[in-house]
Amino acid sequence: MFRALLWIFGIVLAVLVIVPVRHSVLDHSTKDYGVWFETGQTVLAGGEIYPDRFKKFPFMYPPPCALFLAPVSALGRTGLVITLALLNAAAWTASIIFAVRLATGNWKRGHLLVYLIPSLIMGAHVWGNFLLGQPSLVLLALMLGAFIALQRTWDVAAGTCVAVAAAIKAFPAIALVYLVYRRYWKAAGAMVIASAFFLIVLPLPFRGYAAAKQDVERWSNGMLFKYDESGVGQRLGRSTSWKNQSIWGLANRLLRHVEYDHKYEPHEPVYVNFTDLDFKTVNKIILAAALVLGLAFVGAMPRRQQRTRETDAIEFALLLLLILMFTPLSFGYLFAWLIYPLTVVAARLAAGNCSRILLGCTVTAIVFLSLSLPFRIVADAYGNTFFASFALFAGLGQELWLIKRGGPGIKPAIRPRPAS
């Protein structure tokens, strides 16, 4: 049965890789792959990656990401699509393997459903990454690799993995707060040093000091530190549209009178807000929610001497869920990250140790996610994917709390050896 699953998985991978490659060969739309190619070519030609502040950025990721794309773009448009699609295939495979390792506590083959169910549930989001050319699966593999490295006390490797993820797309840098709180000083230091290297040192031989400095300044001002009533970064209308499932997008469209289906052509504005609060009040609510959920996370964490591989599996899942919910721009493809929290739940189900609360929260999350099938825009406008993530956070947080308190009926799903 397991061999049959591997064959099916291989066929699915081949299809997911072939489709964007076929689009490129036939000169059809290649979605974001085209942006990556043009950006890489711009770097090779020594051009400006980010225009001045009066123009929209064609490329919105950090400067190091543009440098990573340069040598790949030298392969040509189709060569770039092939390379990035294969990279996504490798990242999805690695994410599944790493997720099962973290959730079960060992590298041995786990229950078949632990491999199958999470990717089956999140299949549409995985497909979105291949079709669009988005790196969410690569980021997930890097984050899960970092967690495994932390358990093996390879702290420098862990911090470097997170830094690479943040160099590709900035939001994984939020994990630095966790590293500092958990006193992973070497990992945090390695992350800061590696990030400085990617932002400052690496560009110098290719961009020169003046261009490298300009890249960082323009990107920081145009993306990292740009948030006002009109939206986040360069995604002014889209950041409050139904596509953004972060709490920043959801709170603004539910609590302010801003339209949820932003379009460039003339159209009838549509709204889903329950009230019309001012911008500052909405932000206070968002920060209050961040404080409450952050404190809930900290409260559920076991002390250092109580930690096991089982508690770590849940703790890491909670961290990823928090990052997803509070990243300013969380579009659908990013929620392929839910593969890991769902793997943790599947592992507990397979071990016969999933509490009713966690099972109920997981079913609720799956129902929320499924609403996108019949009611795609409307369901997303009301934050179905965000609330699915929140339901998983609530269930896993309660599970971690019960394990920490030695709750009745909670037996270890993983052999309780300390997490080194």
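**View 1. Helix α4 and the glycine that follows.** Helix α4 (residues 77-104) has 28 residues and spans 40 Å from its first C-alpha to its last, close to the 40 Å expected at 1.5 Å a residue. The expected span is 1.5 Å times one less than the number of residues in the helix. Just after α4, G105 takes a positive phi of about 90°. The model is predicted: local features need pLDDT of at least 70, side-chain atom pairs count only at pLDDT 80 or more, and totals for chains, interfaces and linings use all residues. Residues are numbered from 1 along each chain as its sequence is written, and side-chain values use heavy atoms, with hydrogens and water left out. Helices (H or I, at least four residues) and strands (E, at least two) are DSSP runs, numbered from the N terminus.

View 2. A4 lies in helix α1 (residues 2-25). A4 is partly exposed, with a relative accessible area of 40%. Here buried means under 20% relative accessible area, exposed over 50%, and partly exposed in between (1.4 Å probe, protein chains only). The C-alpha atoms of A4 and F279 are separated by 54 Å, and the two residues are 275 apart along the chain. The loop between α1 and α2 holds D27 and K31. Phi is positive, near 65°, at D27, a residue other than glycine. Phi of K31, also a residue other than glycine, is positive and near 55°. D27 counts as exposed at 67% relative accessibility, while K31 counts as partly exposed at 44%.

**View 3. An aromatic cluster.** Ring pairs link W36, Y50, F57, F59 and Y61 into a cluster. Rings of Phe, Tyr and Trp (its six-membered ring) pair if their centres lie within 6.5 Å; planes under 30 degrees apart count as stacked, over 60 as edge-to-face and the rest as tilted. A search of the whole structure finds 21 aromatic pairs. One of them joins W36 and Y61 in a tilted arrangement, 5.1 Å centre to centre with 40° between the planes. W36 lies in helix α2 (residues 32-44) and Y61 in the loop between α2 and α3 (63-73), so this pair ties together parts that are 25 residues apart in sequence. Both W36 and Y61 are buried. Y50 and F59 form a tilted pair, at 6.3 Å centre to centre and 35° between the planes. Y50 is buried, with a relative accessible area of 1%, and F59 is buried, with a relative accessible area of 1%.

**View 4. Helices α7 and α14 in contact.** The axes of α7 (residues 136-151) and α14 come within 11 Å and cross at roughly 145°. Axes are lines fitted to C-alpha atoms, for helices over the stretch in contact, and angles run from 0 to 180 degrees between N-to-C directions. L140, M143, L144, F147 and Q151 of α7 meet R309, D312, F316, L319, L320 and I323 of α14. Contact means heavy atoms within 4.5 Å. The residues of this contact divide into eight nonpolar, one polar and two charged.

**View 5. The covered helix α12.** Helix α12 (residues 247-255) is mostly covered, with nine of its nine residues buried. Among the buried residues are W248, N252 and R253. The elements covering them include β1 (227-228), α13 (279-300), α14 (309-326), α17 (376-381) and α18 (384-405).

Conventions. Ala, Val, Leu, Ile, Met, Phe, Trp, Tyr, Cys and Pro count as nonpolar, Asp, Glu, Lys and Arg as charged, and the others, Gly among them, as polar.
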